[in-house]
Amino acid sequence: MQAWQVHELGEPGEVMRLTEVARPVPADGQVLLKVRAANINFPDALMCRGQYQVRPPLPFTPGVEICGETEDGRRVIANPALPYGGFAEYAVADAAALLPAPEALDDAAAAALHIGYQTGWFGLHRRAGLEAGETLLVHAAAGGVGSAAVQLGKAAGATVIGVVGGAAKASVARELGCDVVIDRREQDVVAAVKETTGGRGADVIYDPVGGQAYAQSAKAVAFEGRIVVVGFASGSIPSPALNHALVKNYAILGLHWGLYNTRNPKLVQHCHERLTELAARGAIKPLVSERVPLAGAADAVQRVADGVTTGRVAVLPSPENGAAA
């Protein structure tokens with residue numbers, strides 16, 4: 001079969017190589033899956049660089065999120081068991097962690113429903129307790145992680161403010177349903193949030209960016225607000241001033257969604273059921289901006305790493321899987 005492999009660490013576009021390899025052999029408790037669609041996530045790029053908390057042995061195949069097909073023909077969503085990731089024709093995954101792919105979504109959209117939407121659901125509902133009528137601020141609102149949070153926030157009845165970089169991404173954020181869109185390249189983010197909220201600030205802030213975005217969050221958060229830290233796509237990890245959190249009476253909440261898979265997997269299943277229901281009634285639908293063939297995976301991962309994509313980019317090992325199921 002064909003698979004992308006990383007033999008040395010570096011930029012995805014430079015170190016990913018498409019090669020012919022043997023199909024992976026499932027270990028005890030694992031299953032072999034035909035990859036119908038693999039969604040590109042920022043951690044895929046970090047893994048190539050050796051900067052992610054999970055560091056599979058070399059050589060490895062990136063791709064942490066797929067819609068796959070079991071040997072008996074079931075469509076499932078899975079996180080492949082590294083080093084046999086999803087940018088390949090076949091991958092392996094833990095049998096106990098397979099989730100049914102929603103019938104309402106095609107393969108690419110189903111693959112994209114998992115990590116980003118699970119992270120958004122846990123961050124907004126489990127950690128921050130977002131309530132209808134509250135104001136939610138989402139950084140990188142046109143990206144894969146941010147777009148999921150925007151849709152989930154709207155589905156929860158929140159007023160959603162999206163922060164983006166550039167006019168093209170601002171247009172995407174509006175199409176996603178943001179009530180207010182702030183272009184950080186053209187506007188003062190903190191001033192714009194204060195103006196929109198009548199000086200109060202945002203009740204919940206969803207931050208997958210870190211760096212300057214977090215500094216803006218601390219200034220734009222409301223009394224009893226909650227800042228949910230879900231990643232550091234900017235490459236800069238902030239050091240929060242806890243005295244500031246005390247004086248302004250806000251909470252800083254960390255979210256590492258992957259921990260729930262081992263600490264409380266029943267919650268992951270519960271979340272998937274809620275997401276499937278939302279997808280079935282059209283309240284959420286992953287924004288798949290591009291569908292690329294397997295041969296285009298390395299270039300696509302690099303573009304995600306460079307922050308020039310919107311929504312999700314899906315890799316389709318078999319062209320026929322681009323159609324709705």
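A crossing is left-handed if the near helix is turned anticlockwise from the far one by less than a right angle, and right-handed if clockwise. Helices (H or I, at least four residues) and strands (E, at least two) are DSSP runs, numbered from the N terminus. This is a predicted model, in which local features need pLDDT of at least 70, side-chain atom pairs count only at pLDDT 80 or more, and totals for chains, interfaces and linings use all residues. Residues are numbered from 1 along each chain as its sequence is written, and side-chain values use heavy atoms, with hydrogens and water left out.

Start with helix H4, residues 115-127. Of its 13 residues, 10 are buried. Buried means under 20% relative accessible area, exposed over 50%, and partly exposed in between (1.4 Å probe, protein chains only). The buried set of H4 includes Ile115, Tyr117, Trp121, Phe122 and Leu124. Just after H4, glycine 129 has a positive phi of about 60°.

H4 passes helix H5 in a right-handed crossing. On the H4 side, the contact uses Gly116, Tyr117, Gly120, Trp121 and Leu124. H5 supplies Ala148, Ala149, Gln151, Leu152 and Gly153. Contact means heavy atoms within 4.5 Å. By class, the contact of H4 with H5 holds six nonpolar, four polar and no charged residues. Here Ala, Val, Leu, Ile, Met, Phe, Trp, Tyr, Cys and Pro count as nonpolar, Asp, Glu, Lys and Arg as charged, and the others, Gly among them, as polar.

The axes of H4 and H5 (residues 144-155) come within 8 Å and cross at roughly 50°. Axes are lines fitted to C-alpha atoms, for helices over the stretch in contact, and angles run from 0 to 180 degrees between N-to-C directions. H4 and H5 are therefore oblique to each other. Angles under 35 degrees count as roughly parallel, over 145 as roughly antiparallel, 65 to 115 as roughly perpendicular, and the rest as oblique.

How do H4 and H11 lie to each other, and at what angle do their axes cross? The axes of H4 and helix H11 (residues 265-280) come within 10 Å and cross at roughly 100°. The two helices are therefore roughly perpendicular. H4 brings Tyr117, Gln118, Trp121, Phe122 and Arg126 to this contact. Among the H11 residues are Leu267, His270, Cys271 and Arg274. By class, the contact of H4 with H11 has seven nonpolar, three polar and two charged residues.

**The six-stranded sheet**

An open sheet of six strands runs in the order S10-S9-S8-S11-S12-S13, with parallel pairing. Its edge strands are S10 (180-183) and S13 (251-254), each pairing on one side only. Two strands pair if DSSP finds at least two bridges between them. The twist averages 20° from one strand to the next. S8 and strand S9 (residues 159-164) run parallel and are joined by five bridges. Threonine 135 stands opposite threonine 159 in S9.

H4 packs on the sheet, touching S8, S11, S12 and S13, and its direction makes about 150° with that of S11. H5 also packs on the sheet, touching S8, S9 and S11; its direction makes about 170° with that of S8.

**Strand S5**

Both faces of strand S5 (residues 75-78) are covered. Arg75 and Ile77 are buried on one side, Val76 and Ala78 on the other. S5 pairs with strand S4 (residues 66-69) in the antiparallel sense over four bridges. Glutamate 69 has arginine 75 as its bridge partner. Five residues lie between the strands of this hairpin, where glycine 73 takes a positive phi near 90°. S5 also pairs with strand S7 (residues 99-100), antiparallel over two bridges. Valine 76 stands opposite proline 100 in S7.

Most residues other than glycine have a negative phi, and most peptide bonds are trans. The table lists exceptions.

| Site | Feature | Value |
|---|---|---|
| Leucine 58 to proline 59 | cis peptide bond | omega near -10° |
| Leucine 82 to proline 83 | cis peptide bond | omega near 20° |
| Alanine 140 | positive phi | near 55° |
| Glutamate 224 | positive phi | about 60° |

Proline 59 sits in the loop between helix H2 (42-49) and S4. Proline 83 is in the loop between S5 and strand S6 (90-94). Alanine 140 lies in the loop between strand S8 (135-139) and H5. Alanine 140 is partly exposed, with a relative accessible area of 33%. Glutamate 224 belongs to strand S12 (residues 221-229). At 51% relative accessibility, glutamate 224 counts as exposed.
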